[in-house]
Amino acid sequence: MVKSLLHWLALTGLAFFVSSCVKTESTLLHIQGQTMGTYYQVKYVLDTNQQNNKKLSIETLQAEIDKRLELVNDQMSTYRPDSELSRFNRAEKSLIVSDATRRVVEDALLLFKQSNGAYDITVGPLVNIWGFGPDKKPNKVPSDELIAEKRKIVGSQYLSVEGNRLSKSIPELYLDLSSIAKGYGVDLIADYLQQLGINNYLVDIGGELRVHGFKPANEQWTLAIERPVAGQNVQRLIHIGDNAIATSGDYRNYFESDGIRYSHTIDPQTGKPINHKLVSVTVIDKSSMHADGLATAITVLGPTAGLAFAKEQHLPVFLLVKAGDDFIEQFTSEFEPYFLEEK
Ligand code: ADP
Ligand code: MG
């Protein structure tokens, strides 16, 4: 997960150190809430002629942001039985959906093709039997028969988009946008802030971030790539400019059975959770939606094929790979300019 440094420092008790160094007229405003099963936060700076604008009051902005995030849930959540996505999942053949859902599904289909099927939003039935879906079952390993049965109904080749109509060629097809909807939500809120003329912001939904402009005193937004070890939480500090950043990792959402750790990321080839030494994948892109999907795609591909894919596509990607009790960093040359300091 990537975090804004202020968030980190607040956690580690160093917030005072940072804020005491910064004395400016514009202040950093902060909105936070819950969405998509996780937290969200928006930090932003208003310029002097925006500060007395009632339309830009923190309360109004929060209400507008919540409204937009609610809409995304109503469109793309498999946790809501009446969402567009759930209605499509129940449909025999097809459903006309919003522009938003169509755009996300189209990007997901592009990633399916680019990743040779490693990234596949039709993986939902497999996600569900492993206990990572909306009807959380007790965490146990499903039988090989059940896995084989569900694998038959997984495959984005059964899904098509024409205008706003999503169609399936098998009635059981079931989509899961959990790997990309948070990123879409970040873009939606960031674009909304831009529309309002707010150019200095950080939008964060559960560790998927997009930043633009500066903090007060023209400071850059400093982000941290997490090191998943108790007590030493920062692996790298980065400045990403006006970009989005997404991280996928298996160290937060997993279950353990007989001492084996099962990740929530499923390899559609095997029907099982990925099983390799990749701890986290961090991707920088203009689009938070695309970065979110890409991070999941590279996670499925694994350290070797994932890095090869990132290099081939010239993507700024950073991998943390487990090596014994330690971690090894691997990154593409496109990622290097974002590091705050050499290692
Ligand atoms: P996180 O940011 O929480 O690590 P990701 O963005 O990596 O999450 O998405 C993980 C979720 O994506 C899983 O919980 C599951 O719902 C879904 N998923 C699992 N495997 C795949 C896959 N191969 N392709 C697309 N989505 C997947
Ligand atoms: Mg993702």
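Asp191 lies in helix α8, which spans residues 181-195. Helices here are DSSP runs of H or I with at least four residues, strands are runs of E with at least two, and both are numbered from the N terminus. The model is predicted, so local features need pLDDT of at least 70 and side-chain atom pairs count only at pLDDT 80 or more, while totals for chains, interfaces and linings use all residues. Residues are numbered from 1 along each chain as its sequence is written, chains are lettered from A and ligands numbered from 1 in the order in which they are written, and side-chain values use heavy atoms, with hydrogens and water left out.

Stay with Asp191 for a moment. Its relative accessibility is 38%, so Asp191 counts as partly exposed. Pro171 is 20 residues from Asp191 along the chain, and their C-alpha atoms are separated by 36 Å.

Move on to the loop between α8 and β7, where Ile198 is found. Ile198 is buried because its relative accessible area is 0%. Ile198 and Leu56 are 142 residues apart in sequence, yet 9.3 Å apart in space, C-alpha to C-alpha. Next comes strand β7, residues 200-205, which holds Tyr201. Tyr201 also has a relative accessible area of 0%, so it is buried. From Tyr201 to Ser179 the sequence distance is 22 residues, and the C-alpha atoms are 23 Å apart.

A backbone N or O atom of Ser179 lies 3.4 Å from an oxygen atom of ligand 1. This is a polar contact, meaning a pair of N or O atoms within 3.5 Å; within protein, one must be able to donate a hydrogen and the other to accept it, and residues adjacent in sequence count only if both atoms are side-chain atoms. Asp120 contributes through its backbone: a polar atom there is 3.0 Å from a nitrogen atom of ligand 1. His264 uses its side chain, where an N or O atom is 2.9 Å from an oxygen atom of ligand 1. How much of ligand 1 does the protein bury? Taken alone, ligand 1 exposes 570 Å², and the protein buries 92% of that. These areas come from the Shrake-Rupley method with a 1.4 Å probe; for residues, only the protein chains shown count as cover.

Two elements give two or more residues to the shell around ligand 1: β11 (244-249) and α9 (288-312). There are 20 residues around ligand 1, and Asp176, Ser248, His264, Ile266 and Thr296 come nearest. A residue is near a molecule or strand if one of its heavy atoms lies within 4 Å of it. By class, the shell has 7 nonpolar, 8 polar and 5 charged residues. Ala, Val, Leu, Ile, Met, Phe, Trp, Tyr, Cys and Pro count as nonpolar, Asp, Glu, Lys and Arg as charged, and the others, Gly among them, as polar.

Helix α9 also contains Ala305. With 41% relative accessibility, Ala305 counts as partly exposed. Ala305 and Ser115 are 190 residues apart along the chain, but their C-alpha atoms are separated by 9.8 Å.

Now take helix α3, residues 58-76. Its 19 residues reach 27 Å from first C-alpha to last, close to the 27 Å expected at 1.5 Å a residue. The expected span is 1.5 Å times one less than the number of residues. Which residues of α3 are buried? They are Leu61, Ile65, Leu69, Val72, Asn73, Gln75 and Met76. These residues cover an arc of only 165° around the axis, so they sit on the same side of α3. The arc is that of the directions from the helix axis to the C-beta atoms. On the other side of α3, Glu59 and Lys67 are exposed.

Most residues other than glycine have a negative phi. Met36, not a glycine, has a positive phi of about 50°. Met36 is placed in the loop between β2 (28-35) and β3 (38-45). Asn116 is not a glycine either, and its phi is positive at about 55°. Asn116 lies in the loop between α5 (99-114) and α6 (124-129). Is Asn116 buried or exposed? At 70% relative accessibility, Asn116 counts as exposed.

The last stop is the segment after β18 (326-331), where Thr332 is found. Thr332 counts as buried because its relative accessibility is 1%. A polar atom of the Thr332 side chain lies 2.6 Å from the backbone oxygen of Leu315.

Conventions. Buried < 20%, exposed > 50% of the residue type's maximum accessible area, 1.4 Å probe, protein only.
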